[in-house]
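Colleague: Please pick one part of this model and take me through it closely. I'd like the neighbours, the packing and the cut-offs behind your words.

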Amino acid sequence: MSAANYELTAEVLTEAIPFMRRFAGKVVVVKYGGNALAGTEGEEEEALRSFAEDVVLMRSVGMLPVVVHGGGPQIGELMQRLGMTPRFVDGLRVTDAETLEVVRMVLVGKVNREVVGAINRHGPLAVGLSGEDAGFITAEARDEALGFVGDVVGVDPTIVRRLLSEGLVPVIATIGADVAGQAYNINADTVAGAIAAALWAQKLVLLTDVSGVRRDRDDPGSVASELSVAEIDELIADGTISEGMIPKVEACAHAVRAGVSSAHILDGRVAHALLVELFTEEGLGTMVVDR
Ligand SMILES: Nc1ncnc2c1ncn2[C@@H]1O[C@H](COP(=O)(O)OP(=O)(O)OP(=O)(O)O)[C@@H](O)[C@H]1O
Ligand SMILES: [Mg+2]
């Protein structure tokens with residue numbers, strides 16, 4: 001290592017110490033978006049590998065990471081391979097029984113396993129679970145016309161707390177169940193926000209495929225470094241925040257209102273964005289504040 005590199009490394013490490021202290025023993029909920037996972041083969045693997053390293057490092061310095069993942073693109077891909085035609089009502093995917101079966105197969109059987117596997121290459125840490133396990137996430141139908149698309153009714157974090165107390169990293173697929181055991185597909189951002197609130201997490205971090213929330217949809221330079229809950233409502237009302245960004249900002253708003261200290265939306269395709277957000281003064285992406 002050259003002298004300049006040596007100094008830089010030492011500087012970076014010492015800068016990280018106060019953050020490591022502050023977050024030791026604290027829960028941080030991280031949602032890994034299906035889109036961040038859905039690059040070309042090589043990129044996809046690289047992004048997942050760097051994400052897994054960050055999660056393992058968080059755990060190694062005493063933080064309690066809880067991982068929630070999405071999988072929209074992966075669901076679309078399998079449906080296409082199976083020759084299923086997606087149906088939409090007002091832009092929302094209709095989830096009939098057959099679609100739900102595919103959604104569950106992909107989220108629980110494929111994406112969840114990939115995230116768990118990537119973390120466990122570093123040691124026996126990650127345990128995958130679905131919201132259906134141990135009464136974790138209770139759901140109800142959002143709208144009959146949409147089929148098995150669910151809203152979160154309740155989160156019982158007992159199973160997650162048990163895993164955390166054993167030093168394990170829960171990796172959550174966002175299928176919920178109603179009291180009768182019927183499964184529902186729930187938006188992963190919504191679930192991440194509800195889990196952060198239920199666990200009184202220190203932080204909620206949503207990793208996606210854009211560098212943050214844009215104040216002008218078409219201008220990548222317009223990413224807001226900070227957004228208040230009031231501003232969020234305005235930006236949704238005027239259409240600036242749309243589609244997949246709506247549940248993200250709403251999840252962040254819900255979490256900070258419930259007492260989560262900070263909530264962030266970052267680009268998960270950027271290697272180690274999570275570490276930079278956690279362990280440096282630098283603010284990446286958009287932070288949502290309760291104002
Ligand atoms: N104001 C905005 N600023 C930035 N992105 C926006 C905005 N409004 C809408 N979007 C869209 O939101 C998308 C991110 O949400 P999306 O649901 O597609 O990804 P994800 O949640 O990371 O993945 P998944 O849903 O599979 O977990 C962006 O790619 C962008 O197209
Ligand atoms: Mg999404």
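Modeller: H7 passes H8 in a left-handed crossing, meaning that the near helix is turned anticlockwise from the far one by less than a right angle. H7 covers 229–237 and H8 residues 245–257; helices are DSSP runs of H or I with at least four residues, strands are E runs of at least two, and both are numbered from the N terminus. This is a predicted model, where local features need pLDDT of at least 70 and side-chain atom pairs pLDDT 80 or more, while totals for chains, interfaces and linings use all residues. Residues are numbered from 1 along each chain as its sequence is written, chains are lettered from A and ligands numbered from 1 in the order written, and side-chain values use heavy atoms, without hydrogens or water.

Back to the pair: the axes of H7 and H8 come within 10 Å and cross at roughly 160° (lines fitted to C-alpha atoms over the stretch in contact, with angles from 0 to 180 degrees between N-to-C directions). So H7 is roughly antiparallel to H8, the word for angles over 145 degrees. On the H7 side, Val229, Ile232 and Ile236 do the touching; their partners in H8 are Ile246, Val249, Glu250, Ala253, Val256 and Arg257. Contact here is heavy atoms within 4.5 Å.

Now H8 itself. Its 13 residues reach 18 Å from first C-alpha to last, close to the 18 Å expected (1.5 Å times one less than the number of residues). Buried residues, those under 20% relative accessible area with a 1.4 Å probe and protein chains only, include Met245, Pro247, Lys248, Cys252 and Ala255 in H8. Val249, Ala253 and Val256 are buried too, and these three also meet H7.

After H8 comes Gly259, with a positive phi near 110°.

Ala196 counts as buried because its relative accessibility is 0%. Leaving aside neighbours within four places in sequence, Ala196 is in contact with Val29, Ala201, Leu204, Ala255 and Val260. Of those, Ala255 is one of the buried residues of H8. Arg291 is 95 residues from Ala196 along the chain, and their C-alpha atoms are separated by 19 Å.

Notes. Buried < 20%, exposed > 50% of the residue type's maximum accessible area, 1.4 Å probe, protein only. Parallel < 35°, antiparallel > 145°, perpendicular 65-115°, else oblique.
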